[in-house]
Amino acid sequence: MNTPRGHRHHLLLGDRRLSYIDFGPADGKPLLALHGHFSEGLSFAGLAAELAPEWRVIAPDQGGHGESDRTPDHSREAYVADALALLDHLGLASAVVLGHSMGGKNAYHLAARHPERVRALINVDDPVVITDTGPSGISFCLDWPRQAPTREALLDGLGAAAPMVAPWLRRQDDGGWRLPFVPEDVVASDLGVRGDHWPVWLASDCPALLVHGRTSFLVTPELAREMAERRPRTRRVELEAGHFIPTEDPEGLVRAVREFLDTLG
């Protein structure tokens with residue numbers, strides 16, 4: 001799968017910078033792609049390559065990830081506001097909106113709050129209910145080293161998490177390497193996705209695709225079936241993968257997305 005890097009741009013939102021990658025082409029149909037925790041916009045490079053030239057994939061580094069500045073607000077309202085600001089900045093009246101995990105939740109909150117801006121919705125393995133209580137399930141990241149003199153040393157410090165984070169590590173001006181996010185911010189964002197989001201999932205009626213992994217720890221096959229059955233105009237595709245579908249089965253994701261997009265005309 002080809003992986004073009006696209007063109008990185010920055011949008012100022014007050015004193016905060018939102019970074020995004022426009023994979024183009026400029027005349028392609030717009031698709032806004034929202035990543036999950038521990039990831040960033042560049043993770044959609046492969047998908048963008050497979051969908052071009054018909055589709056123009058635009059992928060922001062959501063607040064606190066990648067090249068975007070830290071944000072004090074990890075609410076759905078804040079993430080939705082950032083997505084709207086990006087669409088406005090690009091002069092896009094509407095777009096297909098795709099999101100994985102936390103990005104999926106942001107995508108269907110955007111569709112519910114601003115249906116006129118979302119032509120169609122693609123939810124990649126994000127559940128409508130998270131009943132966890134207590135500490136964040138990803139609080140283990142608080143023990144990760146933030147930086148190290150070399151990339152190898154940082155990867156060693158990350159242990160089993162190294163393969164997941166390795167593609168996004170950043171080199172610093174002093175030659176050292178750092179994480180592409182602040183763990184405390186990721187944990188705060190993770191705590192913000194909890195709760196019952198059924199009313200929001202059901203609040204929009206644009207065409208939708210739900211892609212889920214058969215062995216996902218977040219979206220069980222039973223929940224996925226219920227999500228698709230209760231929401232009108234919603235297709236469901238189950239892949240032989242876990243929660244991290246974009247890296248576990250990128251080809252399967254591309255097939256599912258392309259087949260869905262072909263139905264939109």
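A charge is taken to sit over a ring if NZ of Lys or CZ of Arg is within 6 Å of the ring centre and within 35 degrees of the ring normal. By this criterion R230 lies over the face of W198, at 4.0 Å from the ring centre. The charged end of R151 likewise sits over the ring of W177, 5.9 Å from its centre. The model is predicted, and local features need pLDDT of at least 70, side-chain atom pairs count only at pLDDT 80 or more, and totals for chains, interfaces and linings use all residues. Residues are numbered from 1 along each chain as its sequence is written, and side-chain values use heavy atoms, with hydrogens and water left out.

Helices (H or I, at least four residues) and strands (E, at least two) are DSSP runs, numbered from the N terminus. Residues are called buried under 20% relative accessible area, exposed over 50%, and partly exposed in between (1.4 Å probe, protein chains only). Six of the six residues of strand β12 (residues 208-213) are buried, so the strand is largely enclosed by the rest of the structure. In a regular strand the side chains alternate between the two faces of the sheet. In β12, A208, L210 and H212 are buried on one side, and L209, V211 and G213 on the other.

Strands pair if DSSP finds at least two bridges between them. Strand β6 (residues 118-124) runs parallel to β12 and is joined to it by four bridges; V124 has V211 as its bridge partner. Six bridges join β12 to the parallel strand β13 (residues 234-239), where V237 stands opposite V211. Between β12 and β13 the chain passes through helix α8 (residues 221-230) in a right-handed β-α-β crossover (with the strands pointing away from the viewer, the path from the first strand over the helix to the second runs clockwise).

Helix α4 (residues 151-158) has L154, L155 and L158 buried. These residues cover an arc of only 100° around the axis, which puts them on the same side of α4; the arc is that of the directions from the helix axis to the C-beta atoms. Exposed residues E152 and D156 are carried on the face turned away from the buried side.

Aromatic rings of Phe, Tyr and Trp (its six-membered ring) pair if their centres lie within 6.5 Å, with planes under 30 degrees apart counted as stacked, over 60 as edge-to-face and the rest as tilted. The structure holds seven such pairs. F38 and F140 form a tilted one, 6.4 Å centre to centre with 35° between the planes.
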